[in-house]
Amino acid sequence: MQPNAAKIEISEPRLFTAGAVAIVNAYGLLLVAPIFASILVVSVIKFGVLTVLIPALMVAATAYFLPFGLGNTYVTRLVRSLNSAAGNGADGFVVQLALSPRLRGGLRAILEDADDIGYLSFSGTELRYQGDSVKLTVPHGCIKAVAPENIGLRGLFVYGRRIKVVVAGVSEIESLEFAERCSWVLPTSRAVTRKLHGRLSAMVRA
């Protein structure tokens with residue numbers, strides 16, 4: 001292995017298992033419940049402005065707390081058990097990682113668009129990702145391109161975008177996709193995503 005080459009280690013998941021994926025998806029029910037409640041409320045009140053306003057406000061509130069509904073609090077807790085610095089204001093990010101081609105398949109890949117979760121940090125010469133089942137180091141020179149990718153239906157097109165990183169020198173891996181998983185509310189998610197994109201883009205220019 002050349003000293004300036006990208007390195008990746010893949011093992012079986014210990015924390016981000018099928019059970020953890022089920023818990024993450026269950027968080028979405030916490031967002032669906034208020035919408036159903038608003039429908040029940042407007043069904044028993046006289047038709048008027050409130051019958052339109054109540055569901056609209058509930059949808060807006062749901063969108064605002066979308067990161068929480070994606071299970072980010074639970075993901076952060078898992079990542080902190082891997083790295084105590086995660087989510088404590090250090091110069092790093094709690095993220096999900098998806099590889100291209102995908103590491104996971106089948107029903108799990110449909111329910112969860114992350115192959116792994118972990119902590120992404122930066123040194124002077126490389127990025128380092130310490131995840132549940134993936135460990136990765138990529139020197140500056142191995143990063144060929146950085147571009148935002150729309151997260152699609154899972155984020156209802158309002159959640160912060162994933163960030164695609166094209167790397168060279170990683171066997172059978174064409175690219176990496178990172179998305180922040182530490183925020184509770186939408187504005188914070190967008191701010192963290194912008195910061196993450198800036199850090200990754202700076203590595204291409206370095």
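Visitor: Leaving aside its neighbours within four places in sequence, which residues is leucine 196 in contact with?

Guide: In this predicted model, leucine 196 is in contact with Phe93, Val95, Leu120, Phe122, Ile163 and Phe178. Contact here means heavy atoms within 4.5 Å.

Visitor: Which residues touch the most other members of the largest nonpolar core?

Guide: Leu196 is one of them, along with Val138, Leu176, Phe178 and Leu200, in a core of 26 residues. At least two core residues come from each of several elements, including β2 (92–100), β8 (175–180) and α6 (186–205). Another core, of 14 residues, lies apart from it, and Phe16, Val94, Ala114 and Tyr119 are among its members.

Visitor: Why is cysteine 142 called buried?

Guide: Buried means under 20% relative accessible area. Cysteine 142 is at 10%, so it counts as buried.

Visitor: And what makes cysteine 182 partly exposed?

Guide: Its relative accessible area is 28%.

Visitor: What makes β8 mostly covered?

Guide: Six of its six residues are buried. Ser175, Glu177 and Ala179 point one way, while Leu176, Phe178 and Glu180 point the other way.

Visitor: How do you know that β2 and β8 pair?

Guide: A pair needs at least two bridges. Six bridges join β2 to β8, so these antiparallel strands qualify. Within this pair, leucine 99 stands opposite leucine 176. β7 and β8 also pair in the antiparallel sense, over four bridges, and valine 166 has serine 175 as its bridge partner in β8.

Note on methods
Residues numbered from 1 in each chain as written. Predicted model: local features only at pLDDT ≥ 70, side-chain atom pairs only at ≥ 80, totals over all residues. Heavy atoms only, no water. Core = buried A, V, L, I, M, F, W, Y, C linked by side-chain atoms within 4.5 Å. Buried < 20%, exposed > 50% of the residue type's maximum accessible area, 1.4 Å probe, protein only.
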